[in-house]
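User: I have a model open and I'd like to learn how to read it feature by feature. Could you walk me through it?

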Amino acid sequence: FIIDISRMDENVIKTDWTLFEYSINTFDKIIRKNSLNSFNKKWDLEQKNRIKWFGFRDRYFATIVQPKFNIDKYQITAISNNELDIGSQIYYENVLPKQEIELKFYVYAGPQKLEDLQIGNNDYQKIMVFSNWGWLDTVAKFIYGLLGFTYKIIPIWGLCIIIVSIFIYALMYPLTLKSLLSMKRMQILQPKIKEIQEKYNKNPEKLNQEIMELYRKHGVNPLGGSLPMLLQMPIFVGLYQVLWRSFYFRGEKFLWIQDLSLPDRLVKLPVKLPFIGEYFNLLPVLMIGIMVLQQYFSSKNVIITDPQQATQQKIMTIFFPIFIGFIFYNFASGLNLYFVVFYLLSTLTQWRIAQDKCGV
């Protein structure tokens, strides 16, 4: 089974090489190696283990080779920087000269779609993972299934992304609201905390006691801002992975978008620009505008007494959204569509928090 990445499109290698992965499915476990932009002799090895199949995948497609005979040993050999040989030497005893031997294989070459990979009950679906961390992969596959279920009701993938984005944000909203309210309460209490720090700066024990009493009195949890956000990270990362590499979106149109797996490319520019390229992509620009508005409302929830810090806050209000916009500018439009919806909902939440006095 030879993997030859030199035959791939140069643009694919440039953007998607972190998604290239070979897999060896043994009777004990599945062995993976990703980020295959080149091959190295350091990877060469030979191991004894019973093999079910060998496979390779990129962003959307997979090739799986399943021998229909016993293989008890496999070897990996880097032929060159572009070619990798995964296989096994097969020895037969008592074979006569010119005697023909028939070796049978099953081969799957097609999209990474669970419904296709599960046909035949050969464990081909094991090649399709969104994360090597099992619990994160479980979250991602739940989101993947949710998108597929939504498509059965509303067969427009762009709308499915929007609906699932709203559903997941609504699912996380109680944690998001709790986190933001807790952070705002902490900000409101900053002047009182500063007074306590100045009063007990030479008595650390008393200082901690007074601050904890202040938190208790106003019902503030010091971890209330960060812990809910950490709990949301698996869902965020899982959704990102699903939208980035799902075959569902390849070639699918939505509004002005011709392919949800590519940048939205609203207008072709007369010249090719650095970082931007030759197309004007609308979704990242919308995302920048929404994020600027979100940063504005977020700044309303921050109490700043230092003029230098206030200047830094104003700079970040503009710089951070532009920075994120550049990073996402050439991402798949399906992924950017999710982030536009996400930041729009986040902005509405920040606006609500800005109106809330938090009872402090």
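User: Let's take α3. Which residues of α3 are buried?

Analyst: Buried means under 20% relative accessible area, exposed means over 50%, and partly exposed is in between (1.4 Å probe, protein chains only). In α3 the buried residues are Leu136, Asp137, Ala140, Ile143, Tyr144, Leu146, Leu147, Gly148 and Thr150. Keep in mind that this is a predicted model, where local features need pLDDT of at least 70 and side-chain atom pairs count only at pLDDT 80 or more, while totals for chains, interfaces and linings use all residues. Residues are numbered from 1 along each chain as its sequence is written, and side-chain values use heavy atoms, with hydrogens and water left out.

User: Which residues have the most contacts inside the largest nonpolar core?

Analyst: A nonpolar core is a set of buried Ala, Val, Leu, Ile, Met, Phe, Trp, Tyr and Cys residues joined through side-chain atoms within 4.5 Å. The largest one has 47 residues, and Leu147, Leu243 and Phe249 have the most contacts inside it. At least two residues of this core come from each of β6 (61-67), α2, α3, α4 (157-188), α7, α8, α9 (307-328) and α10 (333-355). Another core lies apart from it, with 18 residues, among them Tyr22, Phe56, Tyr74 and Ile86.

User: What does Leu147 touch?

Analyst: Contact means heavy atoms within 4.5 Å. Not counting residues up to four places away in sequence, Leu147 touches Trp157, Cys160, Ile161, Val164, Val242, Leu243 and Phe249. For the protein as a whole, take contacts between residues at least 6 apart in sequence: 67% of them join residues at least 24 apart.

User: Now the sheets. In what order do the strands of the open sheet run?

Analyst: In general, strands of a sheet pair through backbone hydrogen bonds, either parallel or antiparallel. Two strands pair if DSSP finds at least two bridges between them. Here 5 strands form an open sheet in the order β3-β2-β5-β6-β9, with antiparallel pairing. The edges are β3 (30-34) and β9 (105-111), each with a single partner strand, so one side of each has no neighbour in the sheet. From one strand to the next, the twist averages 10° (axes are lines fitted to C-alpha atoms, for helices over the stretch in contact, and angles run from 0 to 180 degrees between N-to-C directions). β2 (residues 21-26) pairs with β3 over 5 bridges, and Ser23 has Arg32 in β3 as its bridge partner.

User: Which strands pair with β8?

Analyst: β1 (residues 2-4) pairs with β8 (residues 83-87) in the antiparallel sense over 3 bridges, with Asp4 standing opposite Glu83. β7 (residues 73-78) is also antiparallel to β8, over 4 bridges, and Ala78 has Leu84 as its bridge partner. A hairpin of 4 residues joins β7 to β8.

User: What is the phi of Asp123, and where does that residue sit?

Analyst: Most residues other than glycine have a negative phi. Asp123 has a positive one, near 65°. Asp123 is in the loop between α2 (114-117) and α3 (134-153), and is buried at 18% relative accessible area. Arg265, not a glycine either, has a positive phi of about 50°. Arg265 lies in the loop between α7 (227-245) and β10 (267-273) and is partly exposed, at 38%.

User: Which side chain has a polar atom 3.0 Å from the backbone nitrogen of Arg265?

Analyst: A polar contact is a pair of N or O atoms within 3.5 Å; within protein, one must be able to donate a hydrogen and the other to accept it, and residues adjacent in sequence count only if both atoms are side-chain atoms. For Arg265 the side chain is that of Asn281. Asn281 is in the loop between β11 (277-280) and α8 (282-300) and is buried, with a relative accessible area of 1%. Leaving aside neighbours within four places in sequence, the contacts of Asn281 are Pro263, Asp264, Arg265, Tyr329 and Asn330.
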